[in-house]
Amino acid sequence: MLGHGHYELKIKNRVLITKIIGAWNKEEGEQHFCELKKISHDLVKQPWAMVVYLDEWELGTPGSDEVTIELIKWLTANKLVKVAEIYSPSLLKKVHIQNMVDRSETLFERQCFSDDQAAFDWLNSQGFPIEIS
C-alpha cells in the first residue's frame, strides 16, 4: 500500500524540524520514521531538540499511531531532550498526541505552541538556538 500523507524534514543547528501534513497511514509513518533516522544520524550523537509543525496534520490510522509510538521510543533512546509542537489550539490533536506519548515512556520535555516564534524562543532558552527563516 502507498503512503498517505506528507512530511518535510530538515536540520538547523542541533534541531530537527519536521512538518506533518495530511491524514497518515502506517506506510507514511514508516517512511517518515526511516527518513528521520537517516537525516538525524549525526544529530543523535549528543542531546538535540525537535520542532514538529502539526497545523496541517489530519491525524492518522491506528497503524500510523503504532509507528509514531515506536518513533517516540526511538527518539527517547537517541538523546532527544526537547520537543516544541506547533499547532493552533485543538483538543482533538492534543488528546491524540498525549495518548501516543503516554504509551511511549518518554524522557524528553514537550511544550506546545501556537506560533513558531514562541517555540523558537523556548528552544533558544533551553540551549538550542534556532531562527525563523
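## Helix packing and selected residues in a predicted model

Ser64 makes contact with Trp24, Asn25 and Lys26, leaving aside residues up to four places away in sequence. The structure described here is a predicted model. Ser64 belongs to helix 2, which spans residues 62–77. With a relative accessible area of 3%, Ser64 is buried, because buried means under 20%. The side chain of Ser64 also reaches the backbone oxygen of Trp24, at 3.4 Å.

### Helix 2 and its two partners

Helix 2 packs with helix 1, which comprises residues 26–39; the axes of the two helices lie 7 Å apart, at an angle of about 20°. Angles under 35 degrees count as roughly parallel, and helix 1 and helix 2 are therefore roughly parallel to each other. The crossing of helix 1 with helix 2 is right-handed. On the side of helix 1, the contact is formed by Lys26, Gly29, Glu30, His32, Phe33, Leu36 and Lys37. On the side of helix 2, the residues are Gly63, Ser64, Val67, Glu70, Leu71, Trp74 and Leu75. Sorted by class, the residues of this contact between helix 1 and helix 2 are 6 nonpolar, 4 polar and 4 charged.

The contact of helix 2 with helix 3 contains 4 nonpolar, 2 polar and 1 charged residues.

### Residues in loops and strands

| Residue | Class | Relative accessible area |
|---|---|---|
| Ser40 | buried | 0% |
| Leu59 | buried | 15% |
| Gln111 | partly exposed | 30% |
| Glu56 | partly exposed | 38% |
| Lys79 | partly exposed | 42% |

Ser40 is located in the loop between helix 1 and strand 3. Apart from residues up to four places away in sequence, Ser40 touches Ile11, Leu16 and Trp74.

Which residues are in contact with Glu56, leaving aside its neighbours within four places in sequence? They are Lys19, Ile20, Ile21, Gly22 and Lys93. With Lys19 there is a polar contact between the two side chains, at 2.9 Å. Glu56 and Asn13, by comparison, are 43 residues apart in sequence, and their C-alpha atoms are 25 Å apart in space.

Gln111 is part of strand 6, which covers residues 109–113. When neighbours within four places in sequence are set aside, Gln111 is in contact with Val83, Ala84, Glu85 and Trp122. The C-alpha atoms of Gln111 and Leu43 are separated by 21 Å, and the two residues are 68 residues apart along the chain.

### Two residues with positive phi

Where does a positive phi of about 65° occur although the residue is not a glycine? It occurs at Leu59, a residue of strand 4, which runs over residues 57–60. Leu59 is buried, with a relative accessible area of 15%. Lys79 likewise is not a glycine and has a positive phi, of about 70°. Lys79 is placed in the loop between helix 2 and strand 5 (80–86). At 42% relative accessibility, Lys79 is partly exposed.

Notes: Residues numbered from 1 in each chain as written. Predicted model: local features only at pLDDT ≥ 70, side-chain atom pairs only at ≥ 80, totals over all residues. Heavy atoms only, no water. Helix = DSSP H or I, 4+ residues; strand = E, 2+ residues; numbered from the N terminus. Buried < 20%, exposed > 50% of the residue type's maximum accessible area, 1.4 Å probe, protein only. Contact = heavy atoms within 4.5 Å. Polar contact = N/O pair within 3.5 Å; in protein donor to acceptor, adjacent residues only side chain to side chain. Nonpolar A, V, L, I, M, F, W, Y, C, P; charged D, E, K, R; others polar. Axes fitted to C-alpha atoms, helices over the stretch in contact; angles between N-to-C directions. Parallel < 35°, antiparallel > 145°, perpendicular 65-115°, else oblique. Left-handed = near helix turned anticlockwise from the far one by under 90°.
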